[in-house]
Amino acid sequence: MTLSRREFSRLAAIASASVLMPRAFAQTIASPYQPTTPGGKKIRYCIVGLGRISLDHFMPATRQSTLTEVTALVSGHPEKARQNAAKYNVPTGSIYTYENFDEIRNNPNIDAVYIALPNSMHAEYTIRAAKAGKHVLCEKPMCTSVEDAKAMIAACAAANRKLMIAYRCQLEPTNLRAIELIRNGTIGKVQAIESANGFNISPGEWRLNRKLAGGGPLMDVGIYSLNACRYLTGEEPAAISAYGSVIDQDGRFSEVEENVSWTMKFPSGIVASCNTTYGGDMDGYYKVHGSRGWLMMYPAFGYQGLHLTAEADGARKGDPDVKIDEPEKQRDPWQFARQADYFATCIDSNLTPKMSGEEGLRDMQYMQQIYKSAGLPYLAA
Ligand code: NAD
């Protein structure tokens with residue numbers, strides 16, 4: 001089985017274009033992404049929470065982005081805030097604390113906030129930001145209850161502000177390529193999906209605190225598998241069943257689960273089987289089995305090094321068989337730059353982000369069902 005020359009040239013062109021022009025690449029594959037800012041005005045982000053994802057990924061990525069910049073910070077640590085303000089040319093008058101956060105309302109140099117706080121704080125800061133007249137890009141998981149998710153959507157709608165959940169994989173070219181191979185029938189009719197994502201968590205993380213995290217690995221990393229099954233199939237799960245367990249009685253899992261395993265049946269009949277854990281290294285991946293072939297993304301959800309492989313029989317008599325081995329050519333911070341730019345474009349062109357508040361809400365509802373089926377108390381209605 002070989003990759004046809006035309007297919008190979010097309011992949012090569014896409015890969016090189018994506019390195020040089022990530023936004024143009026996204027426009028090609030992820031329409032209706034239209035990365036234009038009439039008048040060249042940048043969208044100015046206020047970063048809420050200076051932790052790992054902000055400092056190591058999102059903020060550096062705004063420097064790669066042509067449509068965004070960091071103009072304000074919110075932190076509870078004055079020295080950390082001062083150092084990072086200096087790094088990003090943020091004036092001291094645009095450094096806020098969690099207490100005086102609402103004053104961002106009076107700062108005309110903030111268009112949007114990026115919320116990168118522990119999960120249970122997402123709802124409060126989204127609602128306060130919307131009331132202050134700012135658009136909101138909120139990290140996943142959207143929040144820690146279905147009710148909070150609905151309140152976040154309502155607050156942004158009432159303030160006529162955009163709300164996007166940071167599902168970066170939905171903009172990532174290798175994941176988009178997998179979706180394309182499914183939609184264009186390359187692997188035939190999808191029958192089944194397997195996916196997993198997890199890691200061995202260190203003690204002391206806020207992720208192990210139920211009040212801050214809302215739940216365990218399902219909320220944190222299992223959500224990638226759940227969301228992937230939905231974007232790969234383009235369907236919403238019609239039935240869900242699940243199990244949870246705690247194996248390691250070492251004190252880490254007194255408040256959240258260690259393992260969750262769940263299955264979903266989609267309206268077309270596609271079945272999906274997913275696992276997540278905080279108890280061991282579990283590289284994020286998915287494998288999709290179709291009637292004419294399969295595709296696998298391994299790894300699927302990391303910041304870099306994603307790898308898509310696929311094999312399928314030719315669609316019609318005379319068509320070449322397909323064999324794809326496509327390491328992604330993107331490197332962090334492109335994923336985060338693309339996400340920052342995409343939201344900027346949605347704001348500027350008045351588009352609803354595909355990773356909207358409603359998209360986040362749906363995952364909250366499915367996670368609620370997963371926990372309920374597993375007999376776990378998290379996200380209880
Ligand atoms: P982190 O612990 O590194 O950072 C959290 C930040 O929140 C810190 O700056 C901390 O000071 C601040 N904070 C404020 N109040 C706090 C409190 N009461 N307890 C603890 N911290 C408090 O966490 P992180 O890994 O950056 O995760 C932040 C959010 O980003 C989470 O919702 C997480 O799910 C999400 N995340 C997303 C991705 C992604 O790829 N999209 C990756 C990692 C994390």
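Two strands pair if DSSP finds at least two bridges between them. Strands here are DSSP runs of E, at least two residues; helices are runs of H or I, at least four residues; both are numbered from the N terminus. Keep that in mind for E12 and strand E13 (residues 307–312), which pair in the antiparallel sense over five bridges.

Some ground rules. This is a predicted model: local features need pLDDT of at least 70, side-chain atom pairs count only at pLDDT 80 or more, and totals for chains, interfaces and linings use all residues. Residues are numbered from 1 along each chain as its sequence is written, and side-chain values use heavy atoms, with hydrogens and water left out.

Confidence next. pLDDT is the predictor's confidence in each residue, from 0 to 100. The chain averages 90, and 89% of the residues score at least 70. Residues 1–35 stay under 50. For that stretch the model has 54 contacts beyond four places in sequence. Contact means heavy atoms within 4.5 Å.

Now the open sheet. Six strands, in the order E3-E2-E1-E4-E5-E6, with parallel pairing. Strand E3 (95–96) and strand E6 (163–165) stand at the edges with a single partner strand each, so one side of each has no neighbour in the sheet. Take E1 (residues 43–48) and E4 (residues 112–115): four bridges, parallel. Val 48 has Ile 115 in E4 as its bridge partner.

Helix H3 (residues 52–64) lies across E1, E2 (68–74), E4 and E5 (135–138). Its angle to E2 is about 145°. Axes are lines fitted to C-alpha atoms, for helices over the stretch in contact, and angles run from 0 to 180 degrees between N-to-C directions.

How do H5 and H6 pack? Helix H5 (residues 122–131) and helix H6 (residues 146–158) meet at an angle of about 10°, axes 9 Å apart. That makes H5 roughly parallel to H6, a label for angles under 35 degrees. On the H5 side, the contact uses His 122, Ala 123, Thr 126, Ile 127 and Ala 130. H6 brings Asp 148, Ala 151, Met 152, Ala 155 and Cys 156.

Back to E12 (residues 293–297). Which of its residues are buried? Gly 293, Leu 295 and Met 297 are, and they point to one face. Buried means under 20% relative accessible area, exposed over 50%, partly exposed in between, with a 1.4 Å probe and protein chains only. In a regular strand the side chains alternate between the two faces of the sheet.

E12 has E11 (residues 279–290) as an antiparallel partner, over four bridges. A hairpin of two residues joins E11 to E12. Val 288 has Leu 295 as its bridge partner in E12. Gly 293 stands opposite Ala 312 in E13.

Last, backbone geometry. Most residues other than glycine have a negative phi, and most peptide bonds are trans. Lys 140 and Pro 141 are joined by a cis peptide bond, omega about -15°. Pro 141 sits in the loop between E5 and H6. The bond from Tyr 298 to Pro 299 is cis too, omega near -5°. Pro 299 lies in the loop between E12 and E13.

Asn 160 has a positive phi, near 55°. Where is Asn 160? In the loop between H6 and E6. Asn 160 is exposed, with a relative accessible area of 60%.

Technical notes. Parallel < 35°, antiparallel > 145°, perpendicular 65-115°, else oblique.
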